[in-house]
Amino acid sequence: MILNTGSRTDIPAFYSDWFYERVRAGYVLVRNPYDPLRLTRYQLDPKVIDVLVFCTKDPGPMLDRLSRLSAFTMFWSVTITPYGKEVEPYVPPKEQVIGSFKRLSEAVGKERISWRYDPVLLTERYTIRHHIRQFEQIARALTGYTDQCVVSFIDLYEKTKRNFPGIRSVTGQEQEELIDAFSKTAKETGMQIHLCCEDPGLARENVDADGCLSKAVLERALGCRLSVPKRKGPREGCDCLLGADIGAYDTCLHGCLYCYAVRDRERAVQNRRLHDPASPLLIGNVSEEDVIHPAEQMEWRDGQMELADFLANL
C-alpha cells in the first residue's frame, strides 16, 4: 500500500517529532474527517507499506533523523515556489528549502524526490514573465538533485476564494505560454514535468499529464512493478496513487492563501494547541466514544522483477 502524509497537512514541517514517535510505536491512528468518532489504525510496517510519501514545503525538521526511516522506501514531494510572505506568510525562504532539498536528495536519491512548482497563480506581481524567470532559477539550482517536476495551476476552491480575494484562474492561453517556457528549461536541466490534473493538451516532449504520483513514478522510485488493485481516483481526472492519508485538515501552519486544506490559520493554530506528540492521533487523544477500525493493508510490490530487469524495460 501507499501511505501518504501530505494531502491534508505538512507533517515534516510541523509534526516531525510526532511522526518519528509513531514510527517507533509501529502504528498510527487517523480520525475520519467526515465521521469524527471513526478512527483507522495503520501499521507502520515496511512489510505492508510499499512507499511512504511525504509532501512538504519544509523537509528540514526531518533531515537529521532520516536514518530512522531506513527500512521504508520513501518518496518526497517538496514544494518550492516564487511567492512572497503576502501569499505564503510562514513558509521558509526558498533558498533555505533548496538547501534542504539538496540534502534530502543526497540521502534518498534523486529518483525518490520531486520538485513541486505548484500552484501557479497570476497577479500583477506574479506575472508570466516572473514565473518563467523564477522557474528557471529554481530549476538550475536543483539540477542534478531531481529529474522530475510537478506543475499545476491554481484551483479555485471555496476556501481559496475566501482567503485569497480577487484571485483568478489561469487561462488556457496563459497555461500554454508558461508550459512552453517551463518545458524548455526542464529539458535543459534534465527534468521531466508531470502535470497534475491539467489539460492533456498541454503535454509536450518532456511534459506529461499523468499526475504527480502516478504508478510509473512510484514504480521508478521502488525499482519494481506495483500490482495495484482497482481503485477510484481521489478526484475527477486524477489517477495518482495518493493512498491512505494520516494527516488532518486545518492543522498546517504555513498560512498559504491558496490552501484547500485549511479554513483559516487561526483554526490551525487552535488545533496545534491540541497536538500531543505522544498521542497516536495527530490532533487530540482517543476518547471512550471513538471506535477504532484496523486498516486493510497489503503489499503491492511485484517481487518477481529485479531492478535491472525493470530499468531495462522502461
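Which side chain of opposite charge is nearest to the buried Arg22, and how many Å away is it? The structure examined here is a predicted model, in which local features need pLDDT of at least 70 and side-chain atom pairs count only at pLDDT 80 or more, while totals for chains, interfaces and linings use all residues. Residues are numbered from 1 along each chain as its sequence is written, and side-chain values use heavy atoms, with hydrogens and water left out.

Arg22 sits in helix α2; helices are DSSP runs of H or I with at least four residues, strands are runs of E with at least two, and both are numbered from the N terminus. This helix spans residues 16-25, and its buried residues are Ser16, Trp18, Phe19, Tyr20, Arg22 and Val23. Buried means under 20% relative accessible area, with a 1.4 Å probe and protein chains only. Among the elements covering these residues are α1 (11-14), β2 (27-32) and β4 (51-56). After α2 comes Gly26, with a positive phi near 90°.

The opening question can now be settled: the nearest side chain of opposite charge to Arg22 is Glu21, 4.5 Å away, and Arg22 has no salt bridge. Such a bridge needs a side-chain nitrogen of Lys or Arg within 4 Å of a carboxyl oxygen of Asp or Glu; Lys and Arg count as positive, Asp and Glu as negative, and His and the chain ends are not counted. Beyond residues up to four places away in sequence, Arg22 touches Tyr27, Val28, Leu44, Ala278, Ser279 and Pro280, where contact means heavy atoms within 4.5 Å.

How values were computed: Buried means under 20% relative accessible area, exposed over 50%, partly exposed in between (1.4 Å probe, protein chains only).
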